[in-house]
Amino acid sequence: MNIYVGNLSYDMSEEDLRNSFEDHGTVESAKIIMDRESGRSKGFGFVEMPDNAEAAAAIQELNDAMVNGRQLRVNEARPRR
């Protein structure tokens, strides 16, 4: 399952993001979206978890959780249009 993670701290690394989700199961990938011009985080990213049950548990636990001083927004990613 592909998971959207919003309201990330701008100094959070992809490794930090991966570690937050690995507490809930196997993480295939963790990617923070960066601004092309500034190279700075846009404050959101995506985590891919192969097991849907683990992904659902991670969404349940981490949505609205405080991480690095920010309240995360976590839900199943919707496909791009």
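## Exercises: a pocket and its sheet

The lining of the largest pocket holds six nonpolar, two polar and three charged residues (Ala, Val, Leu, Ile, Met, Phe, Trp, Tyr, Cys and Pro count as nonpolar, Asp, Glu, Lys and Arg as charged, the others, Gly among them, as polar). This is a predicted model, where local features need pLDDT of at least 70, side-chain atom pairs count only at pLDDT 80 or more, and totals for chains, interfaces and linings use all residues. Residues are numbered from 1 along each chain as its sequence is written, and side-chain values use heavy atoms, leaving out hydrogens and water.

**Exercise 1.** Find which strands each supply at least two residues of the lining of the largest pocket.

*Solution.* Start with the lining, which includes Tyr-4, Phe-44, Phe-46 and Glu-76. A pocket is an open set of points on a 1 Å grid over the protein atoms alone where a 1.4 Å probe fits, with protein on both sides within 12 Å along at least five of seven lines; lining residues have an atom within 4 Å of a point. Next, look at the strands (DSSP runs of E, at least two residues, numbered from the N terminus). The answer is S1 (2-6), S3 (41-48) and S6 (73-76).

**Exercise 2.** Work out the strand order of the open sheet and its edge strands.

*Solution.* Two strands pair if DSSP finds at least two bridges between them. S2 (29-34) and S6 each pair on one side only, making them the edges.

Technical notes:
Helix = DSSP H or I, 4+ residues; strand = E, 2+ residues; numbered from the N terminus.
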